[in-house]
Structure formats: structure tokens, C-alpha cells
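Thank you all for coming.

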Amino acid sequence: MPDGQDPTRPVIRTAALLAITLLGAAAPLAPAGAQEWRDFRAARQGEGYESLDAEIVYGIGRLTITRSDQSFLYDVHMRYDAERFVPVRSWNAHGQQGKLRIAITSTGLEDDDDRRVKVHLDDFDLDLNLDDLTRVGDSDGRLALELHPGVPTSLRVRAGASENRLELGGLSLTGLDVATGASSTRISFEEANLSRMSELTLKAGAAEFRAEKLGNARFDHLSFHGGIGDVTLDFTGAWEQDATASVS
């Protein structure tokens, strides 16, 4: 932000073009089959860790990421349709540095290449079955992640056809990289980030995308790439120093 600019004013709204390749004929969607809902939880105590590298990959449902009020380094809850998806958690620790990967992957039972949609956004490729986009009951699927506010964390999120709510204020984010597909996304920093980020990267596909109170994110540089949809970038917040942004 240039010197002298009013931090309460800058709001950028933008619309751009995203390449979407639709494979196969536009046939009516098939009726949904039976669903088998299951719950999954995993957590780890936060004591003894100096940093966390976290990656979240989520396709369909509701994704929330917030600050934890507990002593856990991370605490994840998932509800998923076991007929189609399998939860995956990968954890590695090297000394006082932790690396976490959480994902929902397909069971592989559906293999219909004529009913797939592929979205390409720079290094983020999203591949979904068309039936996934309208399946009755998908709103019951969810992934809720809480992160420890006192542990410096680099966070990478890849979200598909999901509703994403990321309330990241009060965390200690050293880096943030979020890419979304056909989704509705709201990222907010209602409180100041406790660490400073050198880079904040946002990529929005065929989506409604809002990033609010970015002045509290404490980044040096923001990079945004927009696709199809309504995009709002709100740079209000408690600015401590100048920052730069590139928007395309």
C-alpha cells in the first residue's frame, strides 16, 4: 500500500476468465445412490513444536479453518460419504517441525470419463465428476480444522466444489496459499496475524470469492489470480507497514 493511502478505502472487485474444459455430452444427471456417512477425527498436542507446515485438499462439502482455543497443534473433524470418499491424514515430524497433510480422496468406484469436468488454474488442477456437483446430501459433508495460534504455520489449501470459510485472524501464519475451484469462499482476518507473511497467494476459479480485512494479514506481497465469478478483495485492517499486491 503506498504511503498516505487511506487503509479503510481499498476494496478491489474483479472478474476474469478461467479455462474450463468440459468432457462429454451434457446428459441429465443420474439419480444419487445410497450414502454411508462416517465421522473421522484426528488431533495432536501442540507442546514441543516450533513450526507447522499444513496442506488441506478438500473436494466437496463445507470446509472451515479457524484458530483453536485448546492446546492442540491441530484438531480436525471430518464427516464424509464412505461410498465415494476416503479421509487421508499424513503426519511427519523432524525435530520440532511438523508437517501435516489432510485430504478427502475418491474411492475410485466411479470411473466415467465422459462425465468429468476439469478446471485448470496455474498449478492447480481440479478434476471432478459431474455427479459430484449436484449429489443430494453433499451439504452434510464437512471438514473442520482448528490450528494452534501460538505455533508459526505455513498453510496451503486446495478446495474444489465446496463452501469454504477460513477465519484466520489470531493465528501465526508465516505463509498462506489458497486455491479454489467451483466454490464459495470467504477468508477473513478479523484479528491481526501473529506472524508476518512474506507471501500471500490467492487463486479463485469458477467461484464467489471474498478476502476480508487483509490489512490484518501482515503480508509483504499478495498475489491474486481470478477466474469466473464475483471476487472481492478488502484491504482494510491495521496496517503496520507498506505491502505490494499483484492482481490478475
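When I speak of helices and strands, I mean DSSP runs numbered from the N terminus, with at least four residues of H or I for a helix and at least two of E for a strand. This is a predicted model, in which local features need pLDDT of at least 70 and side-chain atom pairs count only at pLDDT 80 or more, whereas totals for chains, interfaces and linings use all residues. Residues are numbered from 1 along each chain as its sequence is written, and side-chain values use heavy atoms, with hydrogens and water left out.

The protein chain has zero helices and 18 strands. Of its 248 residues, 46% are buried, where buried means under 20% relative accessible area, exposed over 50%, and partly exposed in between, with a 1.4 Å probe and protein chains only.

Let me start with Asp 81, which belongs to strand β5, residues 72-81. Asp 81 counts as buried, because its relative accessibility is 1%, and a polar atom of its side chain lies 3.1 Å from the backbone nitrogen of Glu 36.

Turning to strand pairing, which requires at least two DSSP bridges between two strands, we find β13, residues 184-188, running parallel to β11, residues 153-167, with five bridges joining them. Strand β13 is also joined by five bridges to β15, residues 208-212, again in parallel. Within these pairings, Glu 163 has Ser 184 as its bridge partner in β13, while Thr 185 stands opposite Phe 209 in β15.

Now to the aromatic rings: how many aromatic pairs does a search of the whole structure find? The search finds four, counting rings of Phe, Tyr and Trp (its six-membered ring) whose centres lie within 6.5 Å, with planes under 30 degrees apart called stacked, over 60 edge-to-face and the rest tilted. One of them joins Tyr 49 and Trp 91, and this pair is edge-to-face because the centres are 5.6 Å apart and the planes are at 80°. Tyr 49 sits in the loop between β3 (37-45) and β4, and Trp 91 in strand β6 (residues 85-94), so the pair ties together parts 42 residues apart in sequence. Trp 91 is buried, its relative accessible area being 19%, and ring pairs link Tyr 49, Tyr 74 and Trp 91 into a cluster.

Notes. Polar contact = N/O pair within 3.5 Å; in protein donor to acceptor, adjacent residues only side chain to side chain.
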